[in-house]
Amino acid sequence: TMSDPEILNKKNKKLDFWIWGIASIIFRIILIYFPKNLNLSSRPEVSTPLTNLRRLAEGYWLKQSSISPYAGSMYHGSPLLLSMLGPLTVKKIEGQPNNLLCSLIFVNADFVAALLIRATGHYLQTAYDRSLELLGISTPLGRSEALPSGEIAALVYLWNPLTIVTCLGSSTAPIENLVVILTLCGACAGLAPLAAFGWVMATHFSLYPVILIIPVVLLLGFGPDAPPRKLFIQKKFGKVGMDLSSDKSLKHKEVTTLRVSPMHFSWVNIFHFLFWACLWSIYVLLLCGISLKDYGGLSEMFRRTYGFILCVEDLSPNIGVLWYFFAEVFEFFRGFFLIVFHVNILFMILPLAIRLNHRPCFLAFVYVAISSMLKSYPSVGDAALYLGLLGLFVNELAGKLDILTNAGDMHFSFFLFCGYVGVFLLSPVMHNLWIWRGTGNANFYFATAITYACFQIILVVESVSAMLNHDRFLRKLSTTTTTTAGIS
Amino acid sequence: MAAIEPLKARKRPIARLGVFVISHSLIVSVICCIAAILALLLLPVLAKNTYISENALMPGSANTMLSSEEVSEADRFMKDVNALSLESVDAGIKIAKLIAQYMADLGAEVCYHKFHHQQNQFNPLHFFSIPDPVVVQRNISCLSFGVNTVGVIRAPRGDGKEAIVLVTPYNSSGMDAAEASSLGIGYSIFSLLSQVTWLAKDIIWLAADSRFGVYAPVAAWLKDYHTPLFSGLGQVNAEVCHESNDLLKLNDAMVSNRNISNIFTRSGTMAAALVIKVVDRHDEADKDTLSIFAEASNGQMPNLDLINIVNYLAVHRQGLRVKVEKFFSLLDSKFLNLVGETVELLGKVAKSLNPNWRFGIPVAEYVEGTATLASSLFNQALGVPTGPHGAFRDYQVDAITLEISPKGSLKNKDQRIDFLMRGGRLVEAVVRSVNNLLEKFHQSFFLYLLTSPSKFVSVGIYMIAFALLIAPLPIVAASLYSDANRRDSSLRNEGSSQPHVFADEPTPTLKSWRWLHAAKSVFIIHFWGSLVTLLPHFISKMPNGTPTSSLIIWLSLCTLSLFLLYMISGSPFSHATASQPQEWAVLKSVTVSAAFIGLCLMSVINFATAEIGALLIVPMCLVAYPLKLDLQDWSFRALIRAACNLTLVLISFPPATFYLFKGGIEGFKSVNAGDFWNWLETLWAWNSATYLYIGMVHLPCWVSCVNILLHPC
């Protein structure tokens, strides 16, 4: 039951979202017309050997000349992307900037990604409200006063300067981000085929999203993020214990409502997902095989894409930490350290999955952030993705619900913000000092890369601890409500 | 309630130290600022003697070979040039032809380089990008052109992949004896080097036609050198200018000699460049004087080794007196003399305590060092190159200008020959030393300040002063921010005695995200700053603008746009309500953080600008406090603080700073209102990062501080 001003308010908010979303699109299109002035595509922060559009154009050109697109170590992306974007790179419109069509595709990808984030936010929020209701936790704020996390996350994604820079920098990262978001959105909505498609494509494009299978499985199995499962069990048994004397119809009702609660793991959905994942991967591999039939086939593709990612062959500087390390390390130890660095990501998967299994979407955010920290060719596009996902948890992380204690609260938000701004301003200057002025050296640039990595670690640690604090707070609330209910 | 609050666990020592520093931010910032100023004053004491870092250079290891034969030949060449320049007013092309003829007779490959005079373009993103070679040349007036003459000696022991450049600027429309003798020195070296067998790097002699200033021809030649254009001299500018003048015809006539071609001659990458300039000061001295100019654009310096070898050879081999620029007005400053005396006294005391402690320096040396250091800082901070050597630095070539002034008159033949001999031998020794280089200069420092030709302060030392100066900024920001949050939550806890009655809560605020609003207003001010930075470009396009009127237009547009932006997006005060008691503190915290980031960034781009800017901004940001609160308080301390705030804000306003500085150096009578505009125009015409700093860091921080002062709390 909402009063009229509230409905009006909601409508206004909706309108605001569309206005700001479309404004961001217009802003991008205006900036597309200054490609020379910005020259973003040559920045190592924006385009990596995997995502650079110029490399893709080169690969397309090679393929048109009946040479393997992977010849000469220029292109390292997917053959599907080559067939999709390749023809657009050569098409030039008179009087328009180069790559206009590709840029428009990237703008579209950003916008669609933002809409998907918004939808994900809606799914998450409804599910979360339902579980809080089930637990009988009365939030301090009504449903209408909680922040619309989906809208916020979508706008954060659209207006994040890093997203804008990635979109304008002629890099294929917007498409990679889009499929990752598609996976999460599909999984949140419980659409196994969609989630499987997103996951297969994301893995195919950039390999690292393969670890997202754990959050996706949890999402499809348990449903979207909810308070810890223990609370539901306590609630159930507490209630059942109390209600032993009361009439049966109530008890029955209780049980049926708990069935849709996050207690229940739906294996059907998982099998559904796995089946579709197999189907999609066979389909993708088939298409790739056809596309690369004369140029070495699938083995060549795996070697030149996944092999290139895993072996860190290109040591040109980027905002990650691996290039510096592998430029320094002796050839003899290279294999060992390659394993160490990649296992680093894998080591973190299981503990996090156990600790955060009731919040699969948040778990996906943590995975994306960690892999963007440790991946071999990171760019600001990865940061754009995880910062956008971070916006989905604004209610939990900003201490909106537990306003009194601010237990779940990111203490260092201002510090992190300043750090990110500082690093992203300093990084091009250091690069200039090293490469163009010659007065600095590689350590100058690497210093910003390592600072960036530190800030990312702080961000992950802070957000995870804020989320866990939020869980603790919920437990407190739930126990107090249970006991009060029991006493009454 | 108490149980919900997180347990105050024992924190780790480093966290406790951080908390301690943040809670004592006032005293920490006072100590840091005083220490920073002391460290700045002590820099001349901490300066180290220069040393030649690269072993391969081996300066002075071989005897100079320049003999009286080459010098008398050069003297004859000078006479011919002088005669030609006296003969007709506009002898430009004839002189170029003469120089080319002489070069060709020595067996060098010669070519002409024609360039058009071009107004300096404002390019705000220049710093972050490479010099763009394919920029379409606009604003060219086809009739004003100059002709450089370039001669290349191929090294008998080299592979043509490296070169050393000698530049002798001369004004083709009206040459004087000094310019002729710089050509003479160039010629004497060139004739010697065309015969020697030890050359491993090609020698390029660029006789630069400096009728449009000494910088333009060198910059134009370097640009064409690094831009592969596969066409002859006539076609280079053919798309832009139709060759209506008779240069092409002349060109054909000029290319009579086999060695002279109209194709742009190139050699390899440049190892070093020397700009040789002769200045006749007409003052009697006991020695020839050599002034070294090294500052390139944005405070970049050539490798210190280049200055070292020139200084070493000039002092120890040729017996010249070597100078670098200094502020003469500082030499008789009472304050500096006082500081110098204290330093000397301290040094003596320290030495009497322990003879191994030797840090004291004499007063005269201290004052001289400070004057040189100040000039070095100032020139770097301006970001405008001090000579044609600046053009080389844009292509990562180490270059300096050697300005030689003779002790006697250049009219006297014996003295002239003597002078040519000494100058020539110096350049020859430097060339020979650079010729030994195996790699490009990399061994010694790039980031340094000179306190005398043989003393320098390296980056590791001068950064201390800067780091101390900006260290209070993050501490104060953190302390303000945490204070504001603490007060906020204590207020809220008092207000709600019953934790479960949520309805009584005031409008919920996101405690840890409340900085967002302040960040928004600071961002808007910085956005305004970047708009304002672009405005002068458009104002300068307006016809018949005097500097004063342009300045007034600029200032009024600045104010107007600021108020417009406030109207559109809400002023920083719109959020100040009762529920946000510490709003101004959060605003100040964000302002201080922005200043910190801006200063850090600038210290990497151009240290000197950041240092001078920090001296102005840091006190202003640290002291800023709402005037309203001060006036309500009406205590002695509050009034002092308000007075300090007003003075600092007045001083730090960029035009005010400029007029005060200029008045302090040249006397207030000579200061015009339009000077500031002219100065700004110079900065942007030279693409100085200082201009961007003023517009995008200093001015916005100033506006933010004014906002804090006027905050309605």
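Reply: Happy to! An axis here is a line fitted to C-alpha atoms, for helices over the stretch in contact, and angles run from 0 to 180 degrees between N-to-C directions. Helices (H or I, at least four residues) and strands (E, at least two) are DSSP runs, numbered from the N terminus. This is a predicted model, where local features need pLDDT of at least 70, side-chain atom pairs count only at pLDDT 80 or more, and totals for chains, interfaces and linings use all residues. Residues are numbered from 1 along each chain as written, chains are lettered from A and ligands numbered from 1 in written order, and side-chain values use heavy atoms, without hydrogens and water.

Start in chain B with helix α14 (residues 459–470) and helix α18 (residues 583–605), whose axes come within 11 Å and cross at roughly 170°. That crossing makes α14(B) roughly antiparallel to α18(B) (over 145 degrees; under 35 is roughly parallel, 65 to 115 roughly perpendicular, the rest oblique). M463(B), F466(B) and I470(B) of α14(B) make contact (heavy atoms within 4.5 Å) with F596(B), L599(B), C600(B) and S603(B) of α18(B). These contact residues comprise 6 nonpolar, 1 polar and no charged (Ala, Val, Leu, Ile, Met, Phe, Trp, Tyr, Cys and Pro are nonpolar; Asp, Glu, Lys and Arg charged; the others, Gly among them, polar).

Now look at the sheet. In chain B, 3 strands form an open, antiparallel sheet in the order β1-β12-β11, where pairing takes at least two DSSP bridges between two strands. β1 (48–49) and β11 (448–452) of chain B are the edge strands, each with a single partner, so one side of each has no neighbour in the sheet. Strand β12 (residues 455–458) of chain B pairs with β11(B) over 4 bridges, and L450(B) sits opposite F456(B) of β12(B). Finally, helix α11 (residues 363–382) of chain B lies across β11 and β12 of chain B, at about 145° to β11(B).
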